[in-house]
Amino acid sequence: MSGKPKLYYFDGRGKMESIRWLLAAAGVEFEEEFLETREQYEKLLQSGSLLFQQVPLVEIDGMKMVQTRAILSYIAAKYNLYGKDLKERALIDMYVEGTHDLMGFILMFPFLSAEDKEKQRAFIVQKATSRYFPVYEKVLKDHGQDFLVGNNFSWADVHLLEAILMVEEKKSDVLSGFPQLQAFKARISSIPTIKKFLEPGSQRKPVPDDKYVDTVRRVLRMYYDLKAN
């Protein structure tokens with residue numbers, strides 16, 4: 001294994017999307033192999049590549065990495081997106097965990113029934129505007145810097161922008177009461193690597209559709225209905 005990182009996942013967002021975002025932010029080109037059949041998934045299982053029998057799987061630097069957080073931490077450290085010392089890393093971890101929790105409310109949204117989607121949409125917006133966005137708004141206002149940690153571009157900034165855009169897909173004016181986050185969104189979106197990733201034709205995935213849901217259900221044999229929080 002050498003050259004570009006190779007990502008094994010479905011042709012959609014899911015848990016792999018944050019990995020795509022971080023690699024793109026670092027300016028790293030990557031290849032993808034999309035899981036479309038149960039046979040592909042079972043082949044990975046039989047090969048021993050899936051340590052805990054789960055994807056995402058990323059081949060990078062001679063390793064076969066699983067577990068999303070481990071993959072993201074490695075990429076952030078490798079490409080200097082993880083702060084300059086332990087204190088900055090701790091802050092980045094805290095902010096990333098917060099945005100991860102928020103994005104978790106959105107991750108299973110495509111698999112819900114129409115009725116549950118409406119309930120979950122309201123739940124996502126409520127949590128974003130009352131629990132999560134106020135934290136980042138205050139951080140940016142208090143230190144008056146362009147980035148969340150150490151006035152340097154980091155994993156925390158990438159993750160927050162991804163979360164903001166995901167929530168905006170549920171309510172387009174969700175940042176109306178957060179001027180610091182509005183400016184942050186514009187600032188981070190203009191970083192060349194991020195700007196490129198946001199342009200049409202990039203490896204960023206669209207909002208999950210029925211085809212994505214059907215593929216995931218079939219490959220992972222998800223035959224149950226998921227309920228809203």
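Me: Is the crossing of α4 and α5 left-handed or right-handed?
Reply: This is a predicted model, in which local features need pLDDT of at least 70, side-chain atom pairs count only at pLDDT 80 or more, and totals for chains, interfaces and linings use all residues. Residues are numbered from 1 along each chain as its sequence is written, and side-chain values use heavy atoms, with hydrogens and water left out. A crossing is left-handed if the near helix is turned anticlockwise from the far one by less than a right angle, and right-handed if clockwise. For α4 and α5 the crossing is left-handed.

Me: Is α4 roughly parallel or roughly antiparallel to α5?
Reply: Helices (DSSP runs of H or I, at least four residues) and strands (E, at least two) are numbered from the N terminus. Helix α4 (residues 86–107) packs with α5 at about 165°, the axes being 9 Å apart; axes are lines fitted to C-alpha atoms, for helices over the stretch in contact, and angles run from 0 to 180 degrees between N-to-C directions. Angles under 35 degrees count as roughly parallel, over 145 as roughly antiparallel, 65 to 115 as roughly perpendicular and the rest as oblique. The angle therefore makes α4, relative to α5, roughly antiparallel.

Me: How many residues in the contact of α4 with α5 are charged?
Reply: Contact means heavy atoms within 4.5 Å, and residues of α4 including Tyr-95, Asp-101 and Phe-105 meet residues of α5 including Phe-123, Lys-127 and Tyr-136. Ala, Val, Leu, Ile, Met, Phe, Trp, Tyr, Cys and Pro count as nonpolar, Asp, Glu, Lys and Arg as charged, and the others, Gly among them, as polar. By class, the contact has 11 nonpolar residues, three polar, and the number charged is two.

Me: How many residues in the contact of α5 with α6 are nonpolar?
Reply: The axes of α5 (residues 114–143) and α6 (residues 155–168) come within 11 Å and cross at roughly 150°, so the two helices are roughly antiparallel. Ile-124, Ala-128, Phe-133 and Tyr-136 of α5 make the contact with Leu-160, Ile-164 and Val-167 of α6. No residue there is polar and none is charged, and the nonpolar residues number seven.

Me: With which side chain does that of Lys-205 make a polar contact?
Reply: Lys-205 lies in the loop between α8 (192–198) and α9 (210–220). Lys-205 is buried at a relative accessible area of 9% (buried means under 20%, exposed over 50%, partly exposed in between, with a 1.4 Å probe and protein chains only). A polar contact is a pair of N or O atoms within 3.5 Å; within protein, one must be able to donate a hydrogen and the other to accept it, and residues adjacent in sequence count only if both atoms are side-chain atoms. At 3.2 Å, the partner of the Lys-205 side chain is that of Glu-32.

Me: What distance separates the C-alpha atoms of Arg-218 and Arg-38?
Reply: Arg-218 is placed in helix α9 and is partly exposed, with a relative accessible area of 44%. Beyond its neighbours within four places in sequence, Arg-218 is in contact with Glu-36 and Arg-38. Arg-218 and Arg-38 are 180 residues apart along the chain, and their C-alpha atoms are separated by 7.0 Å.

Me: Is Asn-80 buried or exposed?
Reply: Asn-80 follows α3, in the loop between α3 and α4. Its phi is positive, near 55°, in a residue other than glycine. With a relative accessible area of 68%, Asn-80 is exposed.
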